[in-house]
Amino acid sequence: MDNQFDPGLLVRERLKELIPYQEVSYPEVIKLNANENPYDFPAEIWRDINEMLGAQSFTRYPDAMAQQLIRELARCYSVGEDNIMVGNGSDELILNLMLTFGAGNRVVIAVPTFSMYGIHARVAGAEIVEVARLEDFGLDVPGIIRAGESAALVVICSPNNPTGNSATVEQVQAILAGCQCPVVVDQAYVEFGGQDFLPLLDSHPNLVILRTFSKAYGLAGLRVGYLFARPRVLQYLFKVKQPFNLNIFSQTAALAVLRCRDIFARQVAEIVRQREALYKAMRQMPGFDVLPSDANYLMFKTCYPAVKIFEGLLERGVLVRNFGDPLLTRYLRVSVGQPEENMIFLHSLQQVIAELGEKD
Ligand SMILES: *Cc1c(COP(=O)(O)O)cnc(C)c1O
């Protein structure tokens, strides 16, 4: 029986080619690899969450429509409640978009970018059409529109992960007008900078905006993302949505966080100040080029293979992001941490580069 059973015979080739997103965890490091909020979660909001949880029963299913959270999101962002969908992280919403529009169709992705678009597109059985970004990582707008003609979904990220640059209103408007399909703009980092494209929802029925509580709002561990779109688009997404995708704990925490947005606005302002300081310091160091960023991370290009720098930093207890992407073999990304973490990163980077230089 054992040697007759081969599950691989039943799995489509395109899925077999997929490399799973598996993050190795390194204990006891300075974690600057995942663009999380580096500060401790505010104690006063934690108290609010506990109080709000006390009134709930875990024996019952969560609110499938997440009504309280959706009402608060609608109020905060001045959109209709029927313009919002929440997900188990925006990752789940990306999967739902791919299952709804991508399955059996073409999906256009502007690369290099966040790897989950390609992974979920593949899982959904979509055909992926990659449109390369320009030399400076700006969008190839005519290229995207041309590819979009035969596609069912276009995905762009702004500010883009990992390059840190943003799209302009003119570019996004041109893509929305030039494409007959939904255009997803992932704004996971918009709290840190770049243009907010939500105002375009009024005039563009094919715009879909993705946002998350994982980066600026410090809830990466609880998995809460949300999406703004027209009801005409949302009606199809609701067909594939898991009914109880957002658990009671996450719904409650996201609601408490929204009610205290000013606390996070102060953290974001500090992170942006730190980003600028880190950028200036890195620009003055020899051995690599750092790109300007609208987000809470910086991408830099080194004259050594990125993996060497990655390993050297890890030996010194600093974890940054190395990419498997062939477009980015000499690039690394570092998240902005707390000031003392950034200092240790800078110091370690200087040491690693000096050491590699001596070996040459
Ligand atoms: C981190 C990230 C996400 C994922 O957010 P979750 O809400 O934690 O799933 C989505 N898009 C981009 C571009 C990201 O960098």
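Analyst: Let's start with a convention: a crossing of two helices counts as right-handed if the near helix is turned clockwise from the far one by less than a right angle, and as left-handed if it is turned anticlockwise. Keep in mind, too, that the model you are looking at is predicted.

User: Thanks! Besides handedness, what describes two packed helices?

Analyst: Two packed helices are described by the distance between their axes and the angle between those axes. Take helix H10 (residues 261–283) and helix H12 (residues 339–359): their axes cross at roughly 15° and come within 11 Å. Angles under 35 degrees count as roughly parallel, and H10 and H12 are therefore roughly parallel to each other. The crossing of H10 and H12 is right-handed.

User: At what angle do the axes of H6 and H7 cross?

Analyst: Helix H6 (residues 141–148) and helix H7 (residues 169–178) cross at roughly 20°, and their axes come within 9 Å. H6 and H7 are therefore also roughly parallel to each other, and their crossing is right-handed.

User: And is the crossing of H3 and H9 left-handed or right-handed?

Analyst: H3 passes H9 in a left-handed crossing. For the geometry, helix H3 (residues 67–77) packs against helix H9 (residues 248–259) at about 25°, with the axes 9 Å apart. That angle makes H3 roughly parallel to H9.

User: Let's turn to the backbone. Which peptide bonds are cis?

Analyst: As a general idea, most peptide bonds are trans, and most residues other than glycine have a negative phi. In this model, a cis peptide bond joins Ser 158 and Pro 159, with omega about -10°. Another cis bond joins Asn 161 and Pro 162, where omega is about 10°. Pro 159 sits in the loop between strand E5 (153–157) and H7, and Pro 162 is found in the loop between E5 and H7 as well.

User: You mentioned phi. What is phi of Glu 28?

Analyst: Glu 28 has a phi near 60°, a positive value in a residue other than glycine. Look for Glu 28 in the loop between helix H1 (13–16) and strand E1 (30–31).

User: Where do polar side-chain atoms lie relative to the ligand's oxygen atoms?

Analyst: A polar side-chain atom of Thr 212 is 2.5 Å from a ligand oxygen atom. For Asn 161, which also takes part in the cis bond to Pro 162, a polar side-chain atom lies 2.8 Å from an oxygen atom of the ligand. For Lys 215, the corresponding separation from a ligand oxygen atom is 3.2 Å.

User: How much of the ligand does the protein bury?

Analyst: Taken alone, the ligand exposes 390 Å², and the protein buries 94% of that.

Terms used
Residues are numbered from 1 along each chain as its sequence is written. This is a predicted model: local features need pLDDT of at least 70, side-chain atom pairs count only at pLDDT 80 or more; totals for chains, interfaces and linings use all residues. Side-chain values use heavy atoms; hydrogens and water are left out. A polar contact is a pair of N or O atoms within 3.5 Å; within protein, one must be able to donate a hydrogen and the other to accept it, and residues adjacent in sequence count only if both atoms are side-chain atoms. Accessible areas come from the Shrake-Rupley method with a 1.4 Å probe; for residues, only the protein chains shown count as cover. Axes are lines fitted to C-alpha atoms, for helices over the stretch in contact, and angles run from 0 to 180 degrees between N-to-C directions. Helices (H or I, at least four residues) and strands (E, at least two) are DSSP runs, numbered from the N terminus. Angles under 35 degrees count as roughly parallel, over 145 as roughly antiparallel, 65 to 115 as roughly perpendicular and the rest as oblique.
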